[in-house]
Amino acid sequence: MFIEAKNLTKQFGGLTAVKDVNFEIEKGKINAIIGPNGAGKSTFFNLVSGSYIPTSGQVIYKGKDITKLPPNKIAELGVARTFQTTNLFEQATVLDNVIVGHRLRTKSNLLDAVLRTKRYKKEEKKCKDKAMEVLDFVGLTNITDQLAGSITQEEKKRVAFALALATDPEVVFLDEPAAGINSGETEGLAELMKKMVKRGITVCLIEHKMQMIMKLADKIMVLNYGEKIAEGSSEEIMNNQDVIEAYLGGDASA
Amino acid sequence: MPAMTKKSIALIVLIIGAMVIPFIIQNEYWLHILTLSFIWSIAVYGLNILAGYTGYLSLAHAGFFAIGAYALGLLTVKAGLNYWVALILACIITSGIGLLIGLVALRTREHFFAIYTLCVGYVIYLVIDKWDSLTGGVRGLIGIPAPSNIGPISFQSAISQYYLILFFLLATVVVMYRIVHSLTGRTFIAIRNSEELAQTIGISTMKNKLTVFVLSTFFAGLAGALYASFIRFIGPDIGYTTIIFDLLTYLLVGGIGTLAGPVVGTILIVSVSQSLQFLQDYRMLIFGPMLTLIIIFYPRGIVGMVSEWKMKWFNKKKKAPAETWKSTYSDSEDVREDKVKEG
């Protein structure tokens, strides 16, 4: 068992955003969470990746309870994530933005930086190499020295992927990776996710673009009003009556 | 890399310029003003690494400046310690108090952090002002010795003090440069950018914020200690709230979050403000609008303005394809709407 959410519940005051959800993220696969707006997808994501602490329930990662660990400790264990909006430092180059992603695997401190010790130089090189490696992986070697503020939306998404990958993760959580980009670019990102899985990195994503999910995901969970209403392969989901009613069959309100 | 060499040549010219200035301006008064602005610059560098690079605007730094000054003053005057020992101790004491305050203050963010530290700064001022038996209260502390001799070098004359302070300023700039261009500096910038994102890439934000807070109080303390031995007299007003707003003005005008900003802003404002002495407090009628305009048009100050111009010039030369960016962006918006309808 890779990552397991057990009876996760999150309440914000009187509102139950996520209610008693059980879900298992399978290693080496593309796992997806879908649901109408306000279904609790992002909350669920934040619970599993450690940004929120659940009201009740547990998150088990490789047999270890990570429910109450702070996000940075969870990242150290090999869980990375991206956000819906890409927070890049726009005045710095793409490479500079990604270098810090490998920081958690280094030990040099302030004194090393001031004195430029051997350890510091070694680790700086290590971080740079890692950044180049992941930028190569996401296909951005040609723009490494451009300012992050001047690249396209799709490239920004890829930089965010690269930043997550620079942490040497075993699983990457992607929050609506294809939001705000066109269909051709969406294809490209889907390819990239497949490539990540081939590299042995498990992917878990939230997405609105149904076509993409149905083609891409190995396993899908559907949330509605904070509750899990279905789980399974894309075929199972497409033929599930509850899902059709709650989401696919619903009118434009979805 | 011709750009790099150009930059280092400019830097060397600047340093040599700073070295020969005492021989060019034979005016003791201006040398005094320049030395003083170097001291303030050191404090502004401390503020910059915290507010500019990590995104935490501390308004307690006049307080830390005063702690550094009083620590040096008390250790030399009342405890009779050697100047250099007292200088090191003053920095350590300021950082230690910074650590304790940082532990509490860094639990708040943004405006709340600014307001909290503003209060801390005022409390420090009050403690200095009211703790008569230790600090001398409003009467202040007099008779602080000038830096004691190192071997044959003495620091009695104005010129030798100028060089001493210049040395500390250059050391500060080198340290800042190395921090900003290091993994640690990148970590700070990542925190400024998005604390949430920084945490998810495995950065312990509390640990790093505390490190940078202590570091910034260290420089505020160093500047305070140097100030005490330069002016030889200190009163509680050096920790007063107006001082932190002065420091902040220097930083904003020079360029917050830039390496040259603190020294540019401080020297500029201090010298302009000295030239406008005859206007008395009406000087603020000039500084207020100037500050507002700079913040509106150039949020990264004069240094940010220069680098923006340089970038524009560079882009013109390269003919950056700005249009393609726009079109992809608007395309994607349309596509998104379509998809929603499909869903």
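1. Two strands pair if DSSP finds at least two bridges between them. By that test, β7(A) and β8(A) are a parallel pair, held over five bridges. One pairing to look up is D175(A), whose bridge partner in β8(A) is I206(A). Please bear in mind that this is a predicted model.

2. Chain A has an open sheet of six strands with mixed pairing, in the order β6-β7-β8-β3-β9-β10. β6 (79–81) and β10 of chain A are the edge strands; each has a single partner strand, so one side of each is left without a neighbour in the sheet. From one strand to the next, the twist averages 15°. Strands of a sheet pair through backbone hydrogen bonds, either parallel or antiparallel.

3. A32(A) has L205(A) as its bridge partner in β8(A). N31(A) has C204(A) as its bridge partner in β8(A). Helix α7 of chain A (residues 183–198) packs on the sheet and touches β3, β7 (171–175) and β8 of chain A. The direction of α7(A) makes about 150° with that of β8(A).

4. Is β8(A) buried or exposed? Five of its five residues are buried, so β8(A) is largely enclosed by the rest of the structure. In a regular strand the side chains alternate between the two faces of the sheet. Here both faces of β8(A) are covered. T202(A), C204(A) and I206(A) are buried on one side. V203(A) and L205(A) are buried on the other.

5. β9(A) and β10(A) form a hairpin, with two residues between them. Look at Y225(A) in the turn: its phi is positive, at about 50°.

6. Domains of chain A. Domain 1 covers 1–78 + 169–254, and domain 2 covers 89–168. Their centres, taken over C-alpha atoms, are separated by 27 Å. The contact takes 11 residues from domain 1 of chain A and 10 residues from domain 2 of chain A. On the domain 1 side, α2 (71–76) and α7 of chain A each supply at least two residues. Helix α7(A) gives the largest share of that side, three residues. By class, the domain 1 side has seven nonpolar, two polar and two charged residues.

7. Chain B as a whole. Chain B has 15 helices and two strands. Its radius of gyration is 23 Å, close to the 20 Å that the globule rule gives for 343 residues, so chain B is as compact as a globular protein of that length. Along the principal axes, the C-alpha atoms of chain B fill a box of roughly 80 × 45 × 45 Å. Buried residues make up 44% of the 343 residues. Take the contacts in chain B between residues at least 6 apart in sequence: 77% of these join residues at least 24 apart.

8. A loop position in chain B. Q280(B) is found in the loop between α12 (261–275) and α13 (284–297) of chain B. Why does Q280(B) count as exposed? Q280(B) has 8 other C-beta atoms within 10 Å, and a residue is exposed if that count is 12 or fewer. Q280(B) and A198(B) are 82 residues apart in sequence; in space they are 47 Å apart, C-alpha to C-alpha.

9. The interface between the chains. In chain B, 34 residues are in contact with 42 residues of chain A. Which helices of chain B each supply at least two residues of the side that touches chain A? They are α7 (158–180), α8 (183–193), α9 (195–200), α10 (205–231) and α15 (322–342). The largest share, nine residues, comes from α15(B). By class, this side of chain B has 13 nonpolar, 14 polar and seven charged residues.

Note on methods: Residues are numbered from 1 along each chain as its sequence is written. Chains are lettered from A and ligands numbered from 1 in the order in which they are written. This is a predicted model: local features need pLDDT of at least 70, side-chain atom pairs count only at pLDDT 80 or more; totals for chains, interfaces and linings use all residues. Two residues are in contact if their C-beta atoms, placed from the backbone, lie within 7 Å. Helices (H or I, at least four residues) and strands (E, at least two) are DSSP runs, numbered from the N terminus. Ala, Val, Leu, Ile, Met, Phe, Trp, Tyr, Cys and Pro count as nonpolar, Asp, Glu, Lys and Arg as charged, and the others, Gly among them, as polar. A residue is buried if 20 or more other C-beta atoms lie within 10 Å of its own, exposed if 12 or fewer, and partly exposed in between; C-beta atoms are placed from the backbone. The radius of gyration is taken over C-alpha atoms; the globule rule is 2.2 Å times the number of residues to the power 0.38. Axes are lines fitted to C-alpha atoms, for helices over the stretch in contact, and angles run from 0 to 180 degrees between N-to-C directions. Domain bounds come from an automatic or database domain assignment.
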